[in-house]
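Me: I'd like to go through the salt bridges in this one. Can you take my questions one at a time?

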Amino acid sequence: MTAPAKQKTALPSALIIRLGRFVWTTLWHLMMSRLAPRDASGAYTRPASTFRGSISSEPGASYPPAAQRYRLYVGWGCPWAHRTLVVRALKGLEAAIPITIVSPSPEAGGWVLDEPEADCWTLADLYRKAAPGYSGRSTVPVLWDDETQTIVNNESADIIVILNAEFNAFAQQPDLDLYPEQLKATVDQWNEKIYHAVNNGVYRCGFAQTQAAYDTACNELFTELDEIDTVLKTQQYLCGSSLTLADVRLFTTLYRFDLVYYGLFKCNRRRIQDYQYLGAYLQELYQLPGVASTCDLETVKRDYYGNLFPLNPGAIIPSGPDLSYLTAPHHRTALFATSNG
């Protein structure tokens with residue numbers, strides 16, 4: 001009678017597990033320190049933008065408004081770049097301001113051009129072309145001046161204000177003002193709250209390197225989303241009955257929330273579509289003329305799940321979620337037209 005075959009151990013030994021955890025944790029912190037700078041508490045700190053020029057019709061301005069002189073460098077997956085595409089679409093500036101698409105490349109260590117332009121193959125090349133010796137972060141969006149071959153601005157908050165106000169002579173919707181004088185203070189208040197708790201808040205959750213930093217960011221995120229949901233119960237947009245830049249800035253985060261932030265960034269207390277008013281608000285914004293064309297669901301998933309190696313080492317891209325509800329009737333316009341009538 002032969003002895004029974006010795007069963008193989010189902011799990012690695014405790015030593016191997018401890019060693020693997022130590023190596024992975026050490027490497028994870030190293031990679032995260034490059035991807036997402038942190039403070040002493042382990043909280044993500046977003047670096048400031050570098051190029052803060054503007055476009056103006058004032059006499060002697062370095063960058064006067066003109067059609068086809070400026071272009072936007074954007075990545076489909078980036079919510080900050082997405083803001084500029086939404087304003088460009090809402091204002092009808094597609095013919096006046098061309099775009100160049102860049103894509104994230106872990107191998108290149110940043111964004112690469114889908115097609116080379118001006119002897120540049122990467123966004124870092126473009127930054128160095130504008131500022132020789134530049135060694136900072138090369139981010140999107142970029143508002144580029146083809147005439148002087150330089151970067152005008154790389155701060156999305158500035159660029160959307162510029163697109164809203166400075167190109168009306170070339171816009172299909174010149175009368176649409178997303179930052180009207182009488183609402184500027186309210187828009188600014190919303191922008192400050194939304195940036196900290198929501199726009200950057202999802203990144204503070206996903207890039208947190210301690211439990212305490214994550215808990216703080218997650219609590220602030222959902223406290224703010226709950227507040228916004230309550231506000232939207234009684235008014236159509238954040239600032240009342242007028243669509244503003246505050247709505248645009250919130251939209252690009254909400255669009256990505258159920259797609260990537262809910263799972264990959266651990267923002268999983270509740271989906272946006274589970275909110276009664278916030279979910280319908282997202283539907284309405286998505287269905288505004290031109291907005292859906294700025295949204296690329298599959299590219300968003302690929303850019304996040306496929307390129308953020310420290311958060312998803314296997315680079316496996318999920319098949320869901322189903323966002324077909326975004327095109328379903330939301331009935332908000334009729335509701336608020338009645339209440340405001």
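Here are some questions and answers on charged pairs.

Reply: Quick ground rules: this is a predicted model, where local features need pLDDT of at least 70, side-chain atom pairs count only at pLDDT 80 or more, and totals for chains, interfaces and linings use all residues. Residues are numbered from 1 along each chain as its sequence is written, and side-chain values use heavy atoms, leaving out hydrogens and water.

Me: How many salt bridges are there by this rule?

Reply: The rule asks for a side-chain nitrogen of Lys or Arg within 4 Å of a carboxyl oxygen of Asp or Glu. One network of them links R69, D145 and E147. The overall count is 13.

Me: Are R332 and E284 buried or exposed?

Reply: These two form a salt bridge, with the closest N and O atoms 2.5 Å apart. R332 lies in helix α11 (residues 332-340) and E284 in helix α9 (residues 276-286), so the pair ties together parts 48 residues apart in sequence. With buried meaning under 20% relative accessible area, exposed over 50% and partly exposed in between (1.4 Å probe, protein chains only), both R332 and E284 are buried.

Note on methods: Helix = DSSP H or I, 4+ residues; strand = E, 2+ residues; numbered from the N terminus.
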